[in-house]
Amino acid sequence: MTGQLGDLAIFWALALTLVGLLSLVAGRLLPKGVGGAARNKPYECGVSEPVPTEARWPVRFALVAMLFLVFDVEAVFLYPWALLARDLGWSGLGAMSSFFVVLGVGYLYARGRDALNWR
């Protein structure tokens with residue numbers, strides 16, 4: 001039990017150190033001219049000013065969001081497969097290979113349609 005608590009303490013110490021270092025680096029990398037009111041403005045998806053509700057959202061925004069979801073779901077499926085890869089054997093490898101082929105075709109299609117270039 002003591003070993004587990006020690007491991008947990010080391011984990012939290014490393015996590016808090018990483019958070020502190022990343023916050024420090026992000027503060028140092030912030031451009032010098034940015035401060036005051038400009039620092040408190042929202043910045044989402046390449047838009048620095050809030051978009052009025054009457055304006056239409058570009059289709060490209062929805063396309064990028066869907067591509068993100070597709071590749072995020074891929075990562076969700078990849079983790080359990082990696083844990084059980086030896087137990088699943090060749091059939092599991094074939095299933096994941098076909099899954100990656102479908103995702104690869106989707107990626108190539110999106111790339112061919114210029115969906116990944118933000119304008």
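Is F11 buried or exposed? With a relative accessible area of 51%, F11 is exposed; the cut-off for that label is over 50%. Keep in mind that this is a predicted model.

**The overall picture**

The protein chain has 3 helices and 0 strands, so reading from the N terminus you simply get α-α-α. Of its 119 residues, 6% are buried.

**Aromatic contacts**

Searching the whole structure turns up 4 aromatic pairs. One of them joins F71 and Y107, and the arrangement is edge-to-face. The ring centres are 6.2 Å apart, with 80° between the planes; the edge-to-face label applies to angles over 60 degrees. F71 belongs to helix α2 (residues 59-83) and Y107 to helix α3 (residues 85-112), so this pair ties together parts that are 36 residues apart in sequence. Elsewhere, F77, F99 and F100 come together as one aromatic cluster.

How do the accessibilities of some of the residues mentioned here work out?

| Residue | Relative accessibility | Class |
|---|---|---|
| F11 | 51% | exposed |
| F71 | 30% | partly exposed |
| Y107 | 32% | partly exposed |
| N117 | 43% | partly exposed |

**The bend in α3**

Where is the kink in α3 centred? The kink is centred on S91, and its angle is about 75°. The end-to-end span of α3 is worth a look too: between its end C-alpha atoms α3 spans only 32 Å, whereas a straight helix of 28 residues would span 40 Å at 1.5 Å a residue. As for burial, the residues of α3 that count as buried are G92, M96, L103 and A110.

**After α3**

N117 is found in the segment after α3. At 43% relative accessibility, N117 is partly exposed. How far apart are N117 and R60 in space, C-alpha to C-alpha? The distance is 9.4 Å, although N117 and R60 are 57 residues apart in sequence.

Definitions and conventions. Residues are numbered from 1 along each chain as its sequence is written. This is a predicted model: local features need pLDDT of at least 70, side-chain atom pairs count only at pLDDT 80 or more; totals for chains, interfaces and linings use all residues. Side-chain values use heavy atoms; hydrogens and water are left out. Rings of Phe, Tyr and Trp (its six-membered ring) pair if their centres lie within 6.5 Å; planes under 30 degrees apart count as stacked, over 60 as edge-to-face and the rest as tilted. Helices (H or I, at least four residues) and strands (E, at least two) are DSSP runs, numbered from the N terminus. Buried means under 20% relative accessible area, exposed over 50%, partly exposed in between (1.4 Å probe, protein chains only). The expected span of a helix is 1.5 Å times one less than its number of residues. The bend at a residue is the angle between axes fitted to the seven residues ending there and the seven starting there.
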